[in-house]
Amino acid sequence: MIHFDQVTFEYAGDAHTGVYDLNGEIKSGETLLLCGDSGCGKTTVTRLINGLAPHYFDGTLTGHVAVAGLDTASAPGGLAAIARHVGSVFQNPKSQFFTLDVTGELAFACENFQMPPDEIRTRIASVAADFHMEDLLDRPITNLSGGQKQKVACASVSTAGPDVLVLDEPSSNLDARAIADLRAIIALWKRQGKTVVIAEHRLYWLDGLIDRAWYLRHGRLEREMTGDELRGLSDAERRELGLRPVRAEQIVGTVSAADSAADSAFGSAPETARSYAVDHFSYTYRRAKQPTLDVPHALLPAGRVTAVTGFNGAGKSTFVRCLQGLDRRCKGTLAPPAMPPSGAASATAATPGTDAKPVKPAKPLDRKARLNACFTVLQDVNCELFTESVLDEVLLAMPERDGSGDEPTGPAARETKARSILADLDLAEVADRHPLSLSGGQKQRVAIAAALASGRDIVIFDEPTSGLDMRHMREVAGLLRSLAASGRTVVVVTHDPEFALAAADGVLAIDRGRVTGSYAFDAAGARRLAAFLTAKVTA
Amino acid sequence: MNFSTASYRGILRFDPRTKILFTLTVGAFCLTMLGGSAPAASAVRGALTVVSFLLLAVSGRPRAALVFLVWLGVAYAAAEWLLPHVGGFLGWFIYATLGMTTQTLPSAIASYWLLFTTTAGELIAALQRARVPQAVTIPLAVMFRFFPTVVGEARQINDAMRMRGVHLGGGKASEMFEYRVVPMVTNSVKIADELSQAALTRGLGAAPTRTSIARIGFGWQDWLLAAGCAACFAALALPW
C-alpha cells in the first residue's frame, strides 16, 4: 500500500530533522508503529505519507514515496489527490477542526470531494454508529472534552473512507478512558482492513494492535520489529531504545523498580502538620445550581510533589485554577502548613531565587493572596512567553521587592539572580535568545525558570508532559523532584501514569468535582494509581 | 457573536439568503433611517419591527422576543411621557439614549434571529449557491471557526499575565498591552498553520466547488418574506 524507495527529505532552512535513506513497504491492512525519540523523524514519515511533505512543508525530496499507487510528489492534483486515499489525525485537538459543530466536521472531507449530500448523510450516520458517538452529533465542538474531540477527528477522516490512516501522536492529550476509546477505533479500522500508521510515544495502549514497528533515530530507520518482538523487548533493552512501556503491566513494573517515588518518609495519608490544607474549595458555573467542584478539605504535603489526577472533565483543571486563585467564582481558602517541610529548610536557603520565609501558623490564603503565593506553568507554554529574550521572561516574573528584604534588589542584582536560575535549568546559553525560537522542552524550562524567579512556594503544573518521549518525560519528572527538594510544594495535573509515578510523591484523585482519594505512593498506592490512569487493554 | 451550531428544525425555516435580505432591509430602514421622516417610511419601520418580533417569537425564542418587546415598549413610553418633562443635559441624554435604543433594537432583533437560526455551514452553503467564490467563503468559514479559539487563547494568556502581576492596577499596566499581542499573534499563527494542514489533508480545495449537507433552499415562506422586503422598498416610491 505504501512504498518508500530510497527516500530522503530535508526541510528547507529548518532545524527539524528530516528523513534519510528510508526504504520499506507497508502492506495493505497492516498496522505500523513509528517510534523513537522526539525529533527522530516519525512525524516526517507521516507527512511523507499524507503528502504534507513536500506539498505543504518546503524541502528537498529525493527517492519515491508511493501511496496506493500514487507517487506522492508528482501525483496530479497534489495534496487533494492523496487526501482521497489517506486520512490524517493530528496531535492537537485545538487545531484540527474546520467547522463549529460535530456533524459539519464529519461532513467536511466528503463535501470537499463533492459527494452527494444524501450519501454524506448516510456515511455520517454509519460512522457515528460505528464509533458510538450518535450523542455527539450536532454538538458544538468547543464544548467537547479532549477525548471527544479526538474521537470526532478520527470519525471525520473515516467518513471519506480512505484506505490509509495516519495518526501523529493521537493520545498525547488523552486520559485513560479516551485512550481506551481510541484503541477501539484503531481496532475497528484494523478489522475494516485499513492500513494504519501511528507515530507515538505512549505505547502500552497499542499492545496487541501493532503488526510491525519502525524504530527511528536521527531520521534513519534503525530497527524494524514485529509486534511480538516489540512486546518481547526486555526492560533494559526498551530503556536503551528510550521507549515508554509497551505493555500495561510494565507501567507498575517501572515503579517498583525505580523507587524514587515510594518514599517511606510519609505514610499512606498526608500529614496534616506538614501540609497545605485546602478548605471549602468550590466552583459553580454561572447559571448552574450545583457546584462543578466541591472539595471541603484536602491536603497538599509541603515540599512534596502531588499529582492531581482524574478523567477529562473531572475538575482537575478547575481545581488548580482555584488553587492559583485565577477565577472569581472560586470559593475557599488554602492554609499554609504549621510546620516546615522536613529537611527542606536548609535546602531552601541554599537555592538561589528562593525566599526563606519564617514558618509560623499563618492565616489561610484567600483567592487574591493565592494569586501571589502560587505559580502555574500552563499546559501550552506558548501562552506565557511574552518578552523578547529569555532573560526578560525571568525578570518579568521576579517580584520588584524581595520578600526577605535582606538581599540587594537593584537591576544588576536581579539580573545576576535571573542568570543563576537560568544556569540551574541549563538555559544559560540561550539567555539572550528570543523565547519563541527555542525548542518545546526549552520553552517549558523557561516557564519553570519564571516560576522559580517568582519566589513563590507553590508551583503548579498543568499537564506538563503531553507529547513527550521517555527521555524528556524523565527530565521533566527530575525537574519537579528538584523543585520539591528545594522546598517548593509542587502540584501537577496529569493523565500520564508513567509520569505521575516517576515524578510524584502522592496523589489527589478527583472525579466529578469531588476528591475521591488522597494517598502516597507506597507500593500499594502506586499500583492503585497505575490501575486508575492506565487504559484497559484487552486484545 | 457566534453562529448556531445545531441547525434550526422549527416550522418557519428560511433560507439564509432570505434571512440576510430581511436583516439588511431592517437595517436599511430602522438603523440607517432610509426614507427619512416620510409617513410611508415610518409605517414600514413599524411593520418591520413587528415582523422581527414575530419571527423571533415563533422561531423558538419567545422569551427573548418578550424581553426585547418590553425594552422597546419602555423606550417608547419614556419618549412619550418622560421626555417632555425633563430638560437640560439630562433631557438630552435621555433623548439620545432612547433614540439609539429605538433605532438599533429592531436590527439587533433581526440579527439575533439570523444568527441563532443559522449555522455557519448553512451560511457558507447559501453563499456558495449564490455563486460567491471559494476565495471568499473559505476565509469566512475559517473566521467563524477562529472566534472561539482566539477567545480561549486570550483567556490563557490573561491567566499567565495575572500570575506575573501584569494586570490593570497591578503596577505593570503599561506592559499589559504590549505583552498580550506577542503570544496572541504567535499562537494564532501556529493554530492557523496546523488548521491548514488538517484542512488540506481532508481535501480542501480538491475541486472548484464543494457540496454541502446543509439543507437550504427556497420555500413559500422565503418568497413571502422576500416579497415583503421588496414591498418595503417599493413603499419609498409612494407619492406621500
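The contact between the two chains takes 50 residues from chain A and 43 residues from chain B, where contact requires C-beta atoms, placed from the backbone, within 7 Å. On the side of chain A that touches chain B, at least two residues each come from helices H3 (78-83), H4 (102-112), H5 (117-130) and H14 (390-397) and from strand S15 (374-377). Helices (H or I, at least four residues) and strands (E, at least two) are DSSP runs numbered from the N terminus. H4(A) gives the largest share, six residues. By type, this side of chain A holds 28 nonpolar, 14 polar and eight charged residues. Nonpolar covers Ala, Val, Leu, Ile, Met, Phe, Trp, Tyr, Cys and Pro; charged covers Asp, Glu, Lys and Arg; the others, Gly among them, are polar.

The model is predicted: local features need pLDDT of at least 70 and side-chain atom pairs pLDDT 80 or more, whereas totals for chains, interfaces and linings use all residues. Residues are numbered from 1 along each chain as its sequence is written, with chains lettered from A and ligands numbered from 1 in the order in which they are written.

Strand S18 (residues 506-511) of chain A is largely enclosed by the rest of the structure, because five of its six residues are buried (20 or more other C-beta atoms within 10 Å of the residue's own, all placed from the backbone). S18(A) runs parallel to strand S13 (residues 305-309) of chain A, joined by four bridges; pairing requires at least two DSSP bridges. Thr309(A) stands opposite Ala509(A). Six bridges join S18(A) to the antiparallel strand S19 (residues 514-520) of chain A. There, Ile510(A) has Val515(A) as its bridge partner. Two residues separate S18(A) and S19(A) in a hairpin, and Arg512(A) in the turn has a positive phi of about 45 degrees.

Terms used:
A residue is buried if 20 or more other C-beta atoms lie within 10 Å of its own, exposed if 12 or fewer, and partly exposed in between; C-beta atoms are placed from the backbone.
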